[in-house]
Amino acid sequence: LYRPRKCPLSKFALSACDWNDAYFKMKEHIESEHKDKVTCFTSEKKVHMKHFDYSKKCSRILFACNEIFYQQFEVKDEIFYFVVQHLVPGNSRKKYLYNLSINGVTQKKNQGMNFVSKAQSFDVDLDQIYMAGECPMIHFNMIKNLMEGKDIFEFTIEISKDDGKNKQTKS
């Protein structure tokens, strides 16, 4: 809680931020210095991205469930990876699940894909998460089919405490 930590956005060279301070000051730092990279929601957020450029990594800081999460998705070698990492001091880690729903944008509005995965520790390397299959991984052609040739990407993310039942579908 009091041990100095680096700004989470500096970990992936997304920001030239040299902030290094106690964890309990992190939220305040992110809100003041990186507000353009923050999404706040109670438990669920629908995202509609226009001009989706799949050649770039997309990352955000998520404030949800009174916790701080790091979200990143990217396409590598035609595979779409979506990861949520929980930013907490080592020993106080609670378990969270995230539910990712990817939706069609026009005629296929009722078609989509749904994935449930555990939020990983922020200390775990993204490539390690990818290689272990501990995040949603989808061949990008499936997402392109839902996008129907448009550059609009729609998804819903829901974060909740892991109650141990590991629900695979949302009711």
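The structure is a prediction, so local features are reported only at pLDDT of at least 70 and side-chain atom pairs only at pLDDT 80 or more, while totals for chains, interfaces and linings use all residues. Residues are numbered from 1 along each chain as its sequence is written, and side-chain values rest on heavy atoms, with hydrogens and water left out.

To start with the overall picture, the protein has three helices and twelve strands. Here helices (H or I, at least four residues) and strands (E, at least two) are DSSP runs, numbered from the N terminus. Of the 171 residues, 45% are buried; buried means under 20% relative accessible area, exposed means over 50%, and partly exposed is in between, with a 1.4 Å probe and protein chains only. A contact is a case of heavy atoms within 4.5 Å. Among contacts between residues at least 6 apart in sequence, 59% join residues at least 24 apart.

Next comes a sheet. Four strands form an open sheet in the order β4-β12-β8-β9, and their pairing is antiparallel. Two strands count as paired if DSSP finds at least two bridges between them. The edges are held by β4 (44-49) and β9 (112-118); each has a single partner strand, so one side of each is left without a neighbour in the sheet. From one strand to the next, the twist averages 15°. Strand β8 (residues 96-103) pairs with β9 in the antiparallel sense over seven bridges, and Tyr 98 has Ser 117 in β9 as its bridge partner. Helix α3 (residues 140-147) packs on this sheet, where it touches β8, β9 and β12 (153-161), and its direction makes about 135° with that of β9. For such angles, axes are lines fitted to C-alpha atoms, for helices over the stretch in contact, and the angles run from 0 to 180 degrees between N-to-C directions.

What about the interior? In soluble globular proteins, nonpolar side chains tend to be buried together. A nonpolar core is taken as a set of buried Ala, Val, Leu, Ile, Met, Phe, Trp, Tyr and Cys residues joined through side-chain atoms within 4.5 Å. The largest such core has 32 residues, of which Phe 80, Phe 82, Ile 102, Ile 143, Phe 153 and Ile 159 touch the most other members. At least two residues each are supplied by β5, β6, β7, β8, α2 (126-132), α3 and β12, and the largest share, five residues, comes from β7. Apart from this core lies another, of 15 residues, which includes Cys 7, Cys 17, Trp 19 and Val 38.

Phe 80 is 58 residues away from Ile 138 in sequence, yet their C-alpha atoms are 5.1 Å apart. Leaving out residues up to four places away in sequence, Ile 138 touches Glu 78, Ile 79, Phe 80, Ile 102, Met 113, Phe 115 and Ile 143. Ile 143, with neighbours within four places set aside, is in contact with Phe 80, Ile 102, Met 113, Ile 138 and Phe 153.

Gln 71, in strand β6, is also buried, at 3% relative accessibility. Its contacts beyond four places in sequence include Cys 58, Leu 62, Phe 82 and Phe 155.

Which cysteine sulfur is closest to that of Cys 7? It belongs to Cys 17, at 3.9 Å, too far for a bond. With a disulfide defined as a pair of cysteine sulfur atoms within 2.5 Å, the count comes to zero. Cys 7 is itself buried, with a relative accessible area of 1%.

Two loop residues other than glycine have a positive phi. His 51, in the loop between β4 and β5 (58-64), has a phi near 60° and is exposed, at 64% relative accessible area. Glu 78, in the loop between β6 (67-76) and β7 (79-86), has a phi of about 65° and counts as partly exposed at 34%.
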